[in-house]
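Dear colleague,

Please find below the structure I am handing over to you. My findings follow directly after it.

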Amino acid sequence: MHRIALQTLLFHRAKVAAALAGVAFATALMIIQIGLYEGLRSRASVLVNRLGGDLWIMAAGTSMVDDSELLATGAELPARAHPCVTSVRPAIVAWVPYRTPAGARHTLQLVGSDLRTAGPTHAYVPWSFAEGLPQDLLAQDRVAIDDGDLSRLGLAPPLVGSTLEIAERRVEVRGVTTGIRNVSLIPMVFADVETARTLAGAAPDGATYWLVDLADGSCGPSVARAIERDPRLDVMTREELASVTEEHVVTESGAGAALAFVALLGLVVGTVIVGQTLLSLVREHHKELGMLRAVGASRSELAQFVAWLSAFVAAMGGALGVILALLVQSGLGGRSVELHYGPGAILTGLAAVLVMCTVAGAASLASVLRLDVVKVLQ
Amino acid sequence: MTDERGASANVLEARGVVFTHGTPPLETRVLHGVDLDIAPGELTVLMGPSGSGKTTLISILAGLLRPTRGRVVLGGSEISAMDDAEVTAVRRRTLGFVFQAFHLFPALTATDNVAEVLALSGTPIRVAREKARALLTRFGLEARLDHRPGELSAGQRQRVAIARAIVTSPRLVIADEPTVALDGPTAASVMELLREYVSAGTSVVLVTHDVRLVRASDRVVALEDGRVAYDGRGLAANPHGAPSGHDIHPPTPRSSEPVAGPEGA
């Protein structure tokens, strides 16, 4: 039956092309939506994961990493006193005012970390330098900016050496990064924690987060209890903060639901197109299938005809869909949209094809199983 | 007909076949107790006006429909008492079909249309294709083996359909109006092919309105209002006789020799 099914598909090329396009677009859409979802999640939590730390000390009620506030002086002291803690590092994540060279006002997201301690054991922000090095930011009033936001910042190359006005203070660009963006697409500026404190209006020993590194992960709860004696503070593990941040961005903002809805819509439209094509092909061959039944083909053998049609359409359409999704990803390289295709995205896309072609084949299968041979052969 | 051990040697036996449509009080009786035996190597023409029950009868004889009452034995198996899977298995090893509209897969070549039926019975496709090619070559289609039905004439398509029907070496071929779409000479050549296989022992039941086909038949069975009205020799069995008249006799009991028909009675 697989030979008859394959020849039938090849024979009805125009009709099958519509089904293949349906499957390919639905598959690509599904993979792209998952890629967008994963990209959004990854972008939402990238700062947390890059800054590292086993525990994060933050203001009570913090719902995501971008939703930060300056902590009271000495918030990190209980952590420093705990024998299990190996280091406590400050981090600043804040929204700061920016004035373009032309005088327009914008907001920037400022990220400051202790670049003196950065190295193999402690990750640092920023990363992905196109020009300059992290050490170039160690002096006061030096920053790095990302090259993706230059038009919004009113800047043009060469960037290194130019001066910006942030929080009514003039700072010098000493580094340029590439491809670092937050979910809100507000331009980001990076600095050593000393500069960041000044720009965010924090005390000389202030921070919006304290990152705690533990000698032994099992003493995390004990350290957290010690810190949370102060009701103004919360403690989360890095994974928890990454997770709540992702949750906030993709779920509570509705972005995840919107992506899922589009993916579902693609699946439904693909299913309808494939279903219609398969049903039309099968109906067109009722007489030939009836003839096979008359000479001894069983109902299950006729069902195999539909199964093979569905399988071929799924395989060819699915492969085209994966290729299309990869082309879209490469076409978007370096743009503001990030597509993360893990094995999960591809497998989910292919599983969607399977579901689509199975559901789409159901009507055709029913039509074959209910085939009234006497009637169709008259 | 029985063999020397008392077992039936007929390819097909139908006894008291009744078929009704619908449910009381709106039921319609299509067949009224039909008896019919088909012997090996016999070309039987089944005739009758539209609505006489021909299609219903061949559907029952082929196991595609279950009779309301009566018994049908096909190739030694009582298909009227079998479930769908068992009847399907009997059809596969016993039956071939030829239809007026050919019903060839438009996407398959002439060779594959024949070979795929053979492959259904478990023959490897390579072997099936070889057999199909040999058969089609015998049918004068050696130049058309790789052509699709859309590239063949009506007569060539019917030859392919006949090759498909006989490639599994069935004991019985049911041909439903196989020549109606063909011109005179093509119809004659199709009948010649069928006769060739009848000579080799295959039985053929040929349903038709075309009285000219009686010339090639061994036997003529006429249905009227769901009953066998006539059952007698065809002209191939009696080339100097006439297709009707003295050679036609009432259906039951069927004797080995023709008896006087209505006109002679």
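B:Phe19 stands opposite B:Leu31, a residue of strand 2 of chain B. The model in which this pair occurs is a predicted one. Strand 1 of chain B, residues 12–21, is joined to strand 2 by 8 bridges, and the two run antiparallel.

These strands belong to an open sheet of 4 strands in chain B, ordered 2-1-4-5, with antiparallel pairing. At its edges are strand 2 (28–38) and strand 5 (77–78) of chain B, each of which pairs on one side only. Helix 1 of chain B, residues 54–61, lies across strand 1, strand 2 and strand 4 (69–74), and it runs at about 55 degrees to strand 2.

As for the chain as a whole, chain B contains 6 helices and 11 strands. Of its 265 residues, 54% count as buried. Among contacts between residues at least 6 apart in sequence, 60% join residues at least 24 apart. The accessible surface of chain B comes to about 11,400 Å², and carbon and sulfur atoms account for 51% of that surface.

Regarding confidence, the average pLDDT of chain B is 80, and 85% of the residues score at least 70. In residues 1–7 of chain B the pLDDT is below 50; this stretch has 11 contacts in the model beyond near neighbours in sequence. Residues 241–265 of chain B also have a pLDDT below 50, with 46 contacts beyond near neighbours in sequence. Where pLDDT is low, predicted coordinates should not be read in detail.

With kind regards

Terms used:
Residues numbered from 1 in each chain as written. Chains lettered and ligands numbered in written order. Predicted model: local features only at pLDDT ≥ 70, side-chain atom pairs only at ≥ 80, totals over all residues. Heavy atoms only, no water. pLDDT = per-residue confidence, 0-100. Contact = heavy atoms within 4.5 Å. Buried < 20%, exposed > 50% of the residue type's maximum accessible area, 1.4 Å probe, protein only. Areas by Shrake-Rupley, 256 points an atom, 1.4 Å probe, with all protein chains shown as cover. Pairing = 2+ DSSP bridges. Axes fitted to C-alpha atoms, helices over the stretch in contact; angles between N-to-C directions.
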